[in-house]
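Here are some notes to read beside the model. Take them in order, and keep the structure open as you go.

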Amino acid sequence: MTRDDTIQKEPTETLDTSGMLCPLPVYKAGLALKGLEQGDVLRLVCTDPGSLADIPAFARQGGHVLLEVDDQGSTQTFLIEKGPGS
Amino acid sequence: MTATIPPRSLPVSDHAVRRFEDIRDLLPDVNNPTPLVRVRNSLVVDNVYLKLEWLNPFGSIKDRAAQYLVQGMIERGALDNRELVEASSGNTAIALAAMGAINDTKVTITIPDGVPEETKTILRMLGAEVWETPDELCPVDHPKDGAIALARSLAASEGGTRYVMADQYENPDNVKAHFETTGPEIWSQTEGQISAFFAGFGTCGTLTGTGRYLKEQNPDIRVIAIEPYAGHRLPGLKSFAEANEPGNLDRSVIDEVVKVHDDDAYAMTLRLHRRDGLMVGLSTGAIAHAIDQHDSLGDGLIVGVSPDASTKYTSYFTERLGSEGLPS
């Protein structure tokens, strides 16, 4: 967990980028977040280990909130809350 | 009376009467070169010729590379059951999309931010899928060429089974296209009297392939590269202060690099339109400006590449012109 949040937010949308290599998951996540409202949550599934560095940086630079990172080795799952003005 | 076209025994394109059986028969080679046209009024020196690459069938110098890239992929079987993906700011994309349309191959283009709407619309008209990509797409290692990184990741994803990348920046077929066509055309058209050749930094296929061919004919020919400054808005040109140097760049054939500001390129583009009736794009303006500023080019003919026409950049020119040319 990257944020101590007692209220678990349900994902608004899930994006599965399994098999895609960076920066493709970043690009797809950007497109998906564009279609969401501020406060909506994107559940992003990746299989590229590089996403463990890329997605947190992408969320930070885009003004989004990274709610959760779940690294299962072969699969990484991120919960990203859409921030303002993006 | 109805005119009739005489029947032909064989469907062979005839360059003499300019009747063609396939649009690809218009692709250039030494027997069907793009025109070399003298710049009569816009420049200080008068022995300058521009090679009008925008008279290629798909509108730019990139028709040459696209032809060789596609042919190479077909010969290697790389396009069998795969879609084609490429990173391009426009001209290669358009040529590849046109060839993809003819070959019934799906084409996806990753295109940098800031490419004019005209180009993106033409691509979509040709049936390509267009992915607009910010340069700094990768948030961690910042490769500066987000479109290239994205195209490479598409080609590598899904085990490489869905997409194949033409890779104009690294694929030697790009250089080969210019070594086998642009170089021989210029050598033939100038009857060996060329003393200097100017082209812009981009994928570097033109500079490396043409420069290498010309140097093999006469090592004294000067090959001069034009480079914009970082943060430029000159489509098709690359500043290696902000972009990675492509594998197709061979600096051993380049004698000199001249840097050009956007405003100088625009001013020269306008001058070429208004004094010579040459409807060239901004990269031609940059190249012609570099020629005009040069003072030691020898007594032979000077050849500059004119990669494309202004028609694909009218939104940019509309912005630059403001109210100029409108009734007040």
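**Notes on chain B**

1. Start with a helix pair. R64(B), A65(B), Q67(B), Y68(B), L69(B) and G72(B) in α1(B) meet D173(B), N174(B), K176(B), A177(B), H178(B), T181(B) and T182(B) in α5(B). Contact here means that C-beta atoms, placed from the backbone, lie within 7 Å. By class, this contact has 4 nonpolar, 6 polar and 3 charged residues. Ala, Val, Leu, Ile, Met, Phe, Trp, Tyr, Cys and Pro count as nonpolar; Asp, Glu, Lys and Arg as charged; the others, Gly among them, as polar.

2. A word on the source. This is a predicted model, where local features need pLDDT of at least 70 and side-chain atom pairs count only at pLDDT 80 or more, while totals for chains, interfaces and linings use all residues. Residues are numbered from 1 along each chain as its sequence is written, and chains are lettered from A and ligands numbered from 1 in the order in which they are written.

3. How do the two helices cross? The axes of α1 (residues 62–76) and α5 (residues 172–189) of chain B come within 8 Å and cross at roughly 125 degrees. Axes are lines fitted to C-alpha atoms, for helices over the stretch in contact, and angles run from 0 to 180 degrees between N-to-C directions. α1(B) and α5(B) are therefore oblique to each other. (Under 35 degrees is roughly parallel, over 145 roughly antiparallel, 65 to 115 roughly perpendicular, the rest oblique.)

4. Now the domains. The assignment, automatic or from a database, gives chain B domain 1 (23–56 + 180–320) and domain 2 (62–165). In contact are 19 residues of domain 1 of chain B and 16 of domain 2 of chain B. On the domain 1 side, α9(B) gives the most, with 3 residues.

5. Next, the sheet. In chain B, 4 strands form an open sheet in the order β5-β4-β3-β6, with parallel pairing. Two strands pair if DSSP finds at least two bridges between them. Helices (H or I, at least four residues) and strands (E, at least two) are DSSP runs, numbered from the N terminus. β5 (129–133) and β6 (163–165) of chain B are at the edges with a single partner strand each, so one side of each has no neighbour in the sheet.

6. Look at one pairing. β3 (residues 83–87) of chain B runs parallel to β6(B), joined by 3 bridges. V85(B) has M165(B) as its bridge partner in β6(B).

Definitions and conventions. Contact = placed C-beta atoms within 7 Å.
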